[in-house]
Structure formats: structure tokens, C-alpha cells
Amino acid sequence: MKELALYFLDIVKNSTAAGARHVNLSLSECEDGTLTAVISDDGKGMSPDLLAAVSDPFTTTRTTRKVGMGIPLYRMAAEQTGGSLSLESTLGAGTTITAVFHRDHLDCPPLGDLPGAAALMVQGSPQVDFTLVHTTVKGSYTFQTEQIRDLLGPEVPLDTPEVFLWIREFLAEQEANI
């Protein structure tokens with residue numbers, strides 16, 4: 001993948017497929033040039049055997065194909081920058097994936113279209129409570145779908161095109177401020 005935002009989208013899609021009702025994406029950009037991305041969910045989690053094998057591209061829970069490239073490619077992207085990837089999961093409780101990227105490394109993919117990817121996360125799983133926190137040395141913001149639902153009320157679903165556009169524009173404004 002050419003952008004980190006696409007990796008985030010892929011991992012969040014895995015979370016929702018695992019039955020997560022809450023997904024948190026936290027991005028922390030530090031003065032030392034690192035970007036730490038933490039994606040956590042309350043999905044079904046992984047057994048110890050699956051957790052040990054999940055970085056193998058020939059390990060997948062999908063029945064439609066026999067390869068799963070998301071986590072192995074995400075790990076490779078982090079490690080190519082001198083960073084790392086760690087996974088923690090408890091069966092029945094959820095999963096946390098932490099990736100560290102060295103942003104000044106030649107092989108580090110750009111962050112990409114985070115507002116567009118986050119809006120797609122919400123549109124693709126409008127029933128999931130999604131939280132995005134992005135912190136840089138200039139500032140931070142927090143976006144929560146629970147707050148959007150409270151503002152819009154139950155009659156406006158989060159997967160409508162108008163809401164998608166509003167979320168993407170709102171997040172683009174927030175990104176411009178940090």
C-alpha cells in the first residue's frame with residue numbers, strides 16, 4: 001500500500017469483521033520523527049495460536065481465499081523504516097496493534113488521506129463506535145462517532161453520503177490545524 005491511511009483502513013475493516021463494536025485509532029507524531037499508530041478494538045480477539053501465526057501471509061480467517069496480506073505488509077512497512085509492530089489479543093476481549101514508523105526514513109509511506117480513510121471507516125461500519133485521536137507536536141484533535149450520533153439524532157444514519165462528506169471535510173480541517 002502506498003499510504004499509511006490505507007493500512008489503517010484495512011486493519012479497522014478486520015476489526016469490524018471480528019465483531020468489534022468500538023474501534024480506536026490513535027496516532028502520535030513525536031519530535032523524534034516517529035509516528036506511533038495504535039488500533040484497538042473490542043472484537044472477538046485471537047486465540048494464542050492465531051496470534052502467533054497472524055504475521056504469516058498464509059494465515060487468514062477468511063474462507064474466500066487462503067492468504068492474508070494485511071498484517072504482514074503492515075509489519076513490513078513499519079520494520080522497513082526501522083520501526084516495529086506488536087500485536088496483543090485476548091480471545092473474547094479484542095485486539096490491539098501498535099506500529100511505530102520512523103517518518104524521516106526513505107521507505108516510510110506518507111500518511112496519505114487520513115480524513116478520507118476515516119470517513120470510509122465510519123461509512124463502511126456505521127453501527128461501530130469509532131474514535132480517532134491524532135496528536136502532533138503542533139496540537140491534537142479527537143473525533144468520535146458517538147458525538148456525531150448525538151448531534152444528528154437517530155433519524156440520520158452515519159453512512160449517508162452527506163454525512164460521509166461532512167466527516168471527511170471536518171477531519172481535513174482538523175488535520176490542517178495540527
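The largest nonpolar core of this predicted model has 44 residues, and Phe8, Leu25, Tyr74, Phe101, Phe130 and Leu132 touch the most other members. Such a core is a set of buried Ala, Val, Leu, Ile, Met, Phe, Trp, Tyr and Cys residues joined through side-chain atoms within 4.5 Å, where buried means under 20% relative accessible area with a 1.4 Å probe, protein chains only. Leucine 25 is in contact (heavy atoms within 4.5 Å) with residues including Phe8, Val38, Leu114 and Phe130, leaving aside those up to four places away in sequence.

Local features need pLDDT of at least 70 and side-chain atom pairs pLDDT 80 or more, while totals for chains, interfaces and linings use all residues. Residues are numbered from 1 along each chain, and side-chain values use heavy atoms, without hydrogens or water.

Turning to the sheet, six strands form an open arrangement in the order 3-4-2-1-5-6, with mixed pairing. Strands are DSSP runs of E, at least two residues, and helices runs of H or I, at least four, numbered from the N terminus; two strands pair if DSSP finds at least two bridges between them. Strand 3 (84-90) and strand 6 (139-144) stand at the edges with a single partner strand each, so one side of each lacks a neighbour in the sheet.

Strand 1 (residues 22-29) runs antiparallel to strand 2 (residues 34-41), joined by seven bridges; here serine 28 has threonine 36 as its bridge partner. Helix 3 (residues 70-80) packs on the sheet and touches strand 2, strand 3 and strand 4 (94-102). Helix 4 (residues 114-124) also packs on the sheet, touching strand 1, strand 5 (129-136) and strand 6.

Key
Axes fitted to C-alpha atoms, helices over the stretch in contact; angles between N-to-C directions. Buried < 20%, exposed > 50% of the residue type's maximum accessible area, 1.4 Å probe, protein only.
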